[in-house]
Amino acid sequence: DKELHFLCHYDYRGLSEEDVETYRAAFAAPPGKICGEFSGNILQHPMAIAYMAQAAPSAKIIALVRNPIDRTISAYNQFMSFRAPALVPENGPMRRIFENFSLFPEAMNASRLARPFREVLDHFPREQVLVLQYEACRADPVTAIRQTWDFLGLRQTGTPPGLRQRGHRIPYVIERPNPTQRQQMATWFQGDVDAFFGMFPELDRSLWEDFA
């Protein structure tokens with residue numbers, strides 16, 4: 001299944017030897033095959049990257065990044081669509097506090113890139129890390145999938161069926177930021193974005209117009 005988030009279930013107490021063996025057994029590939037997982041929260045969880053290095057030090061890591069402003073709005077919308085209704089009554093006295101003091105800060109902080117990727121590079125060799133930009137993948141998915149195959153050492157030809165089909169979209173229940181508000185967000189993210197592109201200069205900064 002997608003998004004098991006196995007490594008995000010552990011706090012500061014860390015992984016036991018049994019936990020490590022469970023993780024390795026779950027992703028033990030048959031001869032001639034490769035196996036992996038997709039768990040987006042690993043970059044945001046405070047300890048998961050270190051736990052991943054403990055459990056799978058030879059793993060190849062593929063990270064998909066997006067303009068942090070667009071990612072924030074998307075994450076905030078998802079939180080407001082699913083998490084807020086499930087946890088706090090819409091008309092209850094705590095709803096606005098929950099939105100402003102929990103959901104919005106989490107969406108902003110989870111969209112920062114420099115700290116988690118600095119930690120990734122502290123734990124894994126650069127040749128084991130591939131960073132793809134969401135915007136580039138949307139514009140040219142064929143090149144992106146072939147770049148991924150090459151990184152994984154797969155001998156593939158053609159294109160997967162449905163590669164260009166759009167996935168599930170969540171309707172927006174929040175108001176999207178206007179140009180002035182986007183500029184305020186860009187100012188907040190600017191130093192983080194500069195540091196991130198300093199680590200990965202091969203990426204195309206022009207794809208993120210707020211920071212081009």
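Predicted model: local features only at pLDDT ≥ 70, side-chain atom pairs only at ≥ 80, totals over all residues.

Trainee: What share of the residues counts as buried?

Mentor: Of the 212 residues, 37% count as buried. The accessible surface is about 13400 Å², and carbon and sulfur atoms account for 53% of that.

Trainee: And the contacts, how much do residues 24 or more positions apart account for?

Mentor: They make up 71% of the contacts with a separation of 6 or more.

Trainee: Let's zoom in. Where does Leu-130 lie?

Mentor: Leu-130 is in strand 2, which covers residues 129–133. The residue is buried, with a relative accessible area of 9%.

Trainee: Which residues does Leu-130 touch, not counting those up to four places away in sequence?

Mentor: Leu-130 touches Ile-61, Ile-62 and Ala-63, and also Gln-147, Thr-148 and Phe-151. As for Ala-48, 82 residues from Leu-130 along the chain, the two C-alpha atoms are separated by 18 Å.

Trainee: Switching to aromatics. How many aromatic pairs does a search of the whole structure find?

Mentor: Eleven aromatic pairs. One of them is Phe-196 with Trp-208, a stacked pair at 6.1 Å centre to centre with 10 degrees between the planes. Phe-196 sits in helix 8 and Trp-208 in the segment after helix 8, twelve residues apart, and the pair links distant parts of the chain.

Trainee: Is Trp-208 buried or exposed?

Mentor: Trp-208 is buried, at 0% relative accessible area. Trp-208 also pairs with Phe-197: the ring centres are 5.1 Å apart and the planes are at 70 degrees, so that pair is edge-to-face. Phe-197 belongs to helix 8 while Trp-208 follows in the segment after helix 8, so this pair ties together parts eleven residues apart in sequence. Phe-197 is buried too.

Trainee: Which residues do the ring pairs link into a cluster?

Mentor: Phe-117, Phe-196, Phe-197, Phe-200 and Trp-208.

Trainee: What else is Phe-196 in contact with, leaving aside neighbours within four places in sequence?

Mentor: Besides Trp-208, Phe-196 contacts Val-65, Leu-113, Ala-114, Phe-117, Val-131 and Leu-203. Phe-196 is buried, with a relative accessible area of 0%. Pro-116 is 80 residues from Phe-196 in sequence, yet their C-alpha atoms are 9.7 Å apart in space.

Trainee: OK, on to charges. How many salt bridges does the count come to?

Mentor: Ten salt bridges. Take Arg-182 and Asp-70, where the closest N and O atoms are 3.0 Å apart. Arg-182 is in helix 8 (residues 179–199) and Asp-70 in helix 3 (residues 68–87), so the pair ties together parts 112 residues apart in sequence.

Trainee: How accessible are Arg-182 and Asp-70?

Mentor: Arg-182 is partly exposed, with a relative accessible area of 21%. Asp-70 is partly exposed as well, at 24%.

Trainee: What about Glu-99 and Arg-95, how do their side chains meet?

Mentor: In a salt bridge, 3.0 Å from N to O. They are four residues apart in helix 4 (residues 95–109), so about one helical turn separates them. Glu-99 and Arg-95 are both buried.

Trainee: And where do Arg-115 and Glu-119 lie?

Mentor: Both are in helix 5 (residues 114–123), four residues apart, about one turn of the helix. Arg-115 is partly exposed at 42%, whereas Glu-119 counts as buried at 15%. Elsewhere, salt bridges with shared partners join Asp-70, Arg-182 and Asp-210 into one network.

Trainee: Last one: which residues make the nonpolar surface patch?

Mentor: Met-94, Ile-97 and Phe-101, with an area of about 350 Å². Phe-101 is in helix 4 and counts as exposed, at 68% relative accessibility.

How values were computed: Residues numbered from 1 in each chain as written. Heavy atoms only, no water. Salt bridge = Lys/Arg side-chain N within 4 Å of Asp/Glu carboxyl O. Helix = DSSP H or I, 4+ residues; strand = E, 2+ residues; numbered from the N terminus. Buried < 20%, exposed > 50% of the residue type's maximum accessible area, 1.4 Å probe, protein only. Patch = residues over 30% accessible without salt bridge, like charges linked within 9 Å, V, L, I, M, F, W, Y side chains within 5 Å. Areas by Shrake-Rupley, 256 points an atom, 1.4 Å probe, with all protein chains shown as cover. Contact = heavy atoms within 4.5 Å. Phe/Tyr/Trp six-rings, centres within 6.5 Å; stacked < 30°, edge-to-face > 60°.
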